[in-house]
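Work through the following exercises with the sequence and the structure open beside you. Try each task on your own before you read its solution.

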Amino acid sequence: MSQLLFQGVNGVADRSEQMKAESARTNGGEAANLIPDHCSLFPDSDKLREECGVVAIYGHPDAAREAYLALYALQHRGQESAGIATADGQHLANIKGMGLVSEIFTDDVLSKLPGHLAIGHTRYSTTGDSALLNAQPIRVDSTKGLIAIAHNGNLVNLGNLRASLERDGAYFQTTSDSEIIVQLIAHSRSGTLVDAIADSLSQVEGAFSIVMMTRDRIFAARDPRGFRPLSMGRMKNAEGPDSIVFASESCAFDLLRAEFIRDVLPGELVMVSQDGVTSRQYATGLPQSSCVFEHVYFARPDSRIFGRWVQESRDEMGRQLARETGVPADVVVPVPDSGVTAALGYAEEAGLPFRMGLIRNHYVGRTFIEPEQRVRDFGVRLKLNPVHNLLAGKRVILIDDSIIRGTTSRKIVRMVRGAGATEVHLRISCPPTISPCFYGVDTPSKSELIAANHSVEGIRQFIEADSLAYLSLDGLLASVRDEHKTGYCTACYTGNYPTQWVDVEDILPAAVAP
Ligand code: SF4
C-alpha cells in the first residue's frame, strides 16, 4: 500500500502515479504511454457527481472498523479518496488514502486506528484539488486542542473568510474549504470548544454536513438550510451503553445494525461525550433548502433522507412522469442503475411491462482509460449493453434521471435503436438541468449544460429520440412532499439560488450556444 497518508507524512503518490508505477512494473517501464494523466475513474462523464459522504461513531470498542463499514455503504457518494480518524480519549490517529474504501483500509491498516471514537470520509472533490493532501478527515492542532473534521458540501463565501483568517495569522495546510471551519474554530474568541464550533459554523455560508472529533468528543452539524443529509442512529452494545452513529445516509446504519433515531436538523449542532448526547441550535430562521437532487439521483433508494424514503420519492417521480408525459409504447426500460426505481413507478402507473432492456457492467470504471472522445463512445458500450430480444420490434420508453451534456443520452438512444427498437421515447424523472450547483455537486458550467442552451425540442433532435419529455418542477416537488413540509433547493432547475454567494461567471448564460 503505497498511497496512504498517515497524518503529517508528505510525498505520497496519488492514484494515477501509483497506476503508472504498477503498470511500469508489468509493462517494462512504458507506463507513461499506457496510463494517461486523465485516466478516468468514471467513464460515464455525463452524470453529476456527489462530493462526499461522512460518518461518525461514538462509544464502540472497534470504532475504526464500524466507520469502515459505514463508509463502504456510502461509497457511491465519492470514490476518489477515503479516510478514518480515531481517538481513544488520549490520542488521535488519522489515516487517509486515494482510492476505494476497501482498497485503502485493509485489516492491517485498520489495526493502526485504535479507539472508541471515529470519524470517516469518502470523497469526490470539487473544491480544492484532488490530491491526497485534501483528502479527509483533516486534523488540525489548534488553540482549542486537536480537532479532526470531515465535511460533505461546499462553502460559498470561501474567499472572504480565507482572506480575513490569513490576515489574522492563519496558516492553511490544504486548499479544502473544510479547513476554513477548523481555522475559524481555532481563531474564535469563545471560551469553550462547543461555543467556538457554533461561532464558526454561524460564519460560513453554503452547504455542509459535518462531523468533528476531539480526543474524547464527537460533534455533528448541518448548515442552517440543511442542504445535505445527515442522520443519527444508535447501536446496541451487549455490554455497556449504546454507541451513537452519524452518517450521510441511513443506508450506512443497516450494515452496522444500527437503529435510525432522527435527522440532524438544519442549523443543529449535536455533541456526544461521556456525559451523553446534547444538542443546540446554532442558527435559526433560514428557510430549509435541502437538495432535491439527492432524492432524484444521489442518495441510495434504501436510504431515508430529509424525513423520507428515497425509494418512495423515485417511485412517485416515475408515476408522476407517466401521468404528465405518457406516450403509446410496448415496454418501459430504465437506464441502469439510477433510473430503475422511477421506471418501476412509471411502468406501474402506465400499465406497461417493465423490462431490464439495458444491462450494466458493474466491473467497468476504476481502471478504464478515457483519453479522448472516440474512445469515450466505446466506454458507454463497455458499461451498458442492450438485451436485443427485449427491445427488437418494440416501442420503448427509456427512463433516466438527468441529461447533462446530452452526449451519453444520445449514445444510449442509438444503442436501443440499434438493438431493433422501432421507437425510442426518452423520459427524464426531473426538470431540465439549466444551472450549475454550488452546494457540493460537481456540475459543468452553464455553457456545457445542454438544457441551458437548447429547447426540449432541440435536445430531442440532438439525442435522436422519437420524443423527449421531462418531469415538471411541480411534479417533482409533489413527488417529494411530506407531512414535515420539507423545503427544497431546486436551483439547478430554476437558477434561483437559496444563498447570496455564488460565482456569477458560472451562472451567466453561454455567450454562444453550441
Ligand atoms: S443546485 Fe441542484 S444539485 Fe445543487 S443543492 Fe440545489 S438542487 Fe441540489
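Helices, of at least four residues, and strands, of at least two, are here DSSP runs that are numbered from the N terminus. Counted in this way, the chain of this predicted model comes to 20 helices and 26 strands.

**Exercise 1. The chain as a whole**

Find what share of the 514 residues is buried, and what share of the contacts between residues at least 6 apart in sequence joins residues at least 24 apart.

Solution. Begin with the cut-off, since a residue counts as buried when its relative accessible area is under 20%. By that rule, buried residues make up 57% of the 514 residues in the chain. Turn next to the contacts between residues at least 6 apart in sequence, of which 71% join residues at least 24 apart.

**Exercise 2. The surroundings of the ligand**

Describe where the ligand sits, and sort the residues of its shell by class.

Solution. First locate the ligand, which sits in the largest cavity. Then list the residues around it, which are Arg-228, Cys-291, Val-292, Phe-293, Cys-437, Tyr-439, Val-441, Cys-489, Ala-491 and Cys-492. When these are sorted by class, the shell has nine nonpolar residues, no polar residues and one charged residue. Finally, look at the helices, where α10 (292-298) and α19 (491-494) each supply at least two residues of the shell.

**Exercise 3. A helix and a residue that touches it**

Compare the reach of helix α11 with its expected span, and then find which residues Thr-341 touches.

Solution. Helix α11, which runs over residues 310-325, has 16 residues and reaches 22 Å from its first C-alpha to its last, which is close to the 22 Å expected at 1.5 Å a residue. Among its buried residues are Arg-314 and Asp-315. Thr-341 is found in helix α12, and if residues up to four places away in sequence are not counted, it touches Pro-301, Gln-311, Arg-314 and Asp-315. Thr-341 itself counts as buried because its relative accessibility is 11%.

**Exercise 4. The neighbours of one residue**

Explain why Ile-412 counts as buried, and name the residues with which it is in contact.

Solution. Ile-412 has its place in helix α15 (residues 407-418), and it is buried because its relative accessible area is 5%. Leaving aside neighbours within four places in sequence, Ile-412 is in contact with Val-335, Leu-358, Val-380, Leu-384 and Leu-398.

Definitions and conventions: Residues are numbered from 1 along each chain as its sequence is written. This is a predicted model: local features need pLDDT of at least 70, side-chain atom pairs count only at pLDDT 80 or more; totals for chains, interfaces and linings use all residues. Side-chain values use heavy atoms; hydrogens and water are left out. The expected span of a helix is 1.5 Å times one less than its number of residues. Buried means under 20% relative accessible area, exposed over 50%, partly exposed in between (1.4 Å probe, protein chains only). A residue is near a molecule or strand if one of its heavy atoms lies within 4 Å of it. On a 1 Å grid over the protein atoms alone, a cavity is a set of points where a 1.4 Å probe fits but cannot get out, and a pocket is an open set with protein on both sides within 12 Å along at least five of seven lines; lining residues have an atom within 4 Å of a point. A molecule sits in a cavity or pocket if more than half of its atoms lie within 2 Å of its grid points. Ala, Val, Leu, Ile, Met, Phe, Trp, Tyr, Cys and Pro count as nonpolar, Asp, Glu, Lys and Arg as charged, and the others, Gly among them, as polar. Contact means heavy atoms within 4.5 Å.
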